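Please keep the structure in view while reading the numbered points below.

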Amino acid sequence: MSDYTGKQAEIYDIVHSNKSYESEVDYIINVAESNGVSTKKVLDVGCGTGMHMLEFESRGWETHGVDVSKKMLDIARSKLGNNSVLEERVEDIDGGFDLAVSMFNVVNHILGRYENLEEFFKGISSKMNKNGILIFDCFNHDAFVKESPKKTTKVLKNGFELRTVPVAMPYERRLILNCLYTNGWDEKHEYEIEHKVWHTGQIFAALFKQGFSLVGLYDHFELDNHVKDGKYDSNDTKYKIVIVAKKVRKHK
């Protein structure tokens, strides 16, 4: 799995300062409650610097987070209250969750073999109650093949720029983002982020094996469900998607 260390972790919140964590958590809670989640306790897998957890906390939720980056966890600890639990491994988290989330393409940071994807969902499943809801976002492979992502430049709130040059390898299901964080003069930081663009069929298969059924597939933070009568219609699905699954049996 890709991780964020050193400078990447330090500038993470600045780079994503335009991201609306508040509206994303509102969306997650809406979807979770509409699927029967009533307990205010959430497991955040790939919690990063804790921004989603912070929003859950502000709404009275008990938050538990996992991330492979020690640096990111240190930043999260500096923000969160004493009621939050943060660990490097999902195995170290006590179970009993009716809601688990994994946001901001965490699934696409799982690299290598398909078995790694299965292990990821197995770890989450092992901590969830029956009928618990898992919500996560990721790149949509079908849209990725149709049209490669474009170069972007965005001005950040601190006046710096983030220039991103994507290198797409559809047949290898890989996406590498070459990033330059700079003030345009004397300060810059270059880094690379690698993603695995898993096919939705692979994601569905890994979920099913680990005890989940598919509830919904949505364009990114929208409410138009592309799952009808248990079948997924990919014709109009956009570049990024949100997947909702329910734990219906024990994982394998």
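Predicted model: local features only at pLDDT ≥ 70, side-chain atom pairs only at ≥ 80, totals over all residues.

1. Glycine 65 stands opposite leucine 86 in strand E3. These residues belong to a pairing in which 3 bridges join E2 to E3 (residues 85–87), the two strands running parallel. Two strands are said to pair if DSSP finds at least two bridges between them. Helices (H or I, at least four residues) and strands (E, at least two) are DSSP runs, numbered from the N terminus. From E2 the chain crosses through helix H4 (residues 70–79) to E3, and this β-α-β crossover is right-handed. A crossover is right-handed if, with the strands pointing away from the viewer, the path from the first strand over the helix to the second runs clockwise.

2. Residues are numbered from 1 along each chain as its sequence is written, and side-chain values use heavy atoms, with hydrogens and water left out.

3. Strand E2 (residues 62–66) is mostly covered, since 4 of its 5 residues are buried. Buried means under 20% relative accessible area, exposed over 50%, and partly exposed in between (1.4 Å probe, protein chains only). Strand E1 is largely enclosed by the rest of the structure, because 4 of its 5 residues are buried.

4. How many bridges join E1 to E2? There are 5 bridges between E1 (residues 41–45) and E2, which run parallel. Lysine 41 stands opposite glutamate 62 in E2, and valine 42 has threonine 63 of E2 as its bridge partner. Helix H3 (residues 51–58) lies on the path of the chain from E1 to E2, and this β-α-β crossover is right-handed.

5. E1 also pairs with strand E4 (residues 97–102), in the parallel sense and over 3 bridges. In E4, alanine 100 is the bridge partner of leucine 43. As background, strands of a sheet pair through backbone hydrogen bonds, either parallel or antiparallel.

6. An open sheet of 4 strands has the order E6-E7-E8-E9, with antiparallel pairing. Its edge strands are E6 (152–155) and E9 (188–196), each of which pairs on one side only. Neighbouring strands of this sheet are turned by 20 degrees against each other on average, direction ignored. Strand E8 (residues 174–182) pairs with E9 over 9 bridges in the antiparallel sense, and tyrosine 181 stands opposite histidine 189 in E9.

7. The axes of helix H1 (residues 7–15) and H4 come within 8 Å and cross at roughly 50 degrees, which makes H1 oblique to H4. Axes are lines fitted to C-alpha atoms, for helices over the stretch in contact, and angles run from 0 to 180 degrees between N-to-C directions. Angles under 35 degrees count as roughly parallel, over 145 as roughly antiparallel, 65 to 115 as roughly perpendicular and the rest as oblique. H1 passes H4 in a right-handed crossing. A crossing is left-handed if the near helix is turned anticlockwise from the far one by less than a right angle, and right-handed if clockwise.

8. For the second pair, the axes of helix H5 (residues 114–125) and helix H7 (residues 200–209) come within 9 Å and cross at roughly 45 degrees. H5 is therefore oblique to H7, and the crossing of H5 and H7 is right-handed.

9. How many disulfides does the structure hold? It holds 0 disulfides, a disulfide being a pair of cysteine sulfur atoms within 2.5 Å. The sulfur of cysteine 47 is 19 Å from the closest cysteine sulfur, that of cysteine 138, which is too far for a bond. Both residues count as buried: cysteine 47 has a relative accessibility of 5%, and cysteine 138 has one of 0%.

10. The backbone angles also call for a remark. Most residues other than glycine have a negative phi. Asparagine 131, however, has a positive phi near 75 degrees; this residue lies in strand E5 (residues 128–139) and is partly exposed, with a relative accessible area of 45%. Phenylalanine 221 likewise has a positive phi, near 60 degrees, and is found in the loop between strand E10 (212–219) and strand E11 (227–228).
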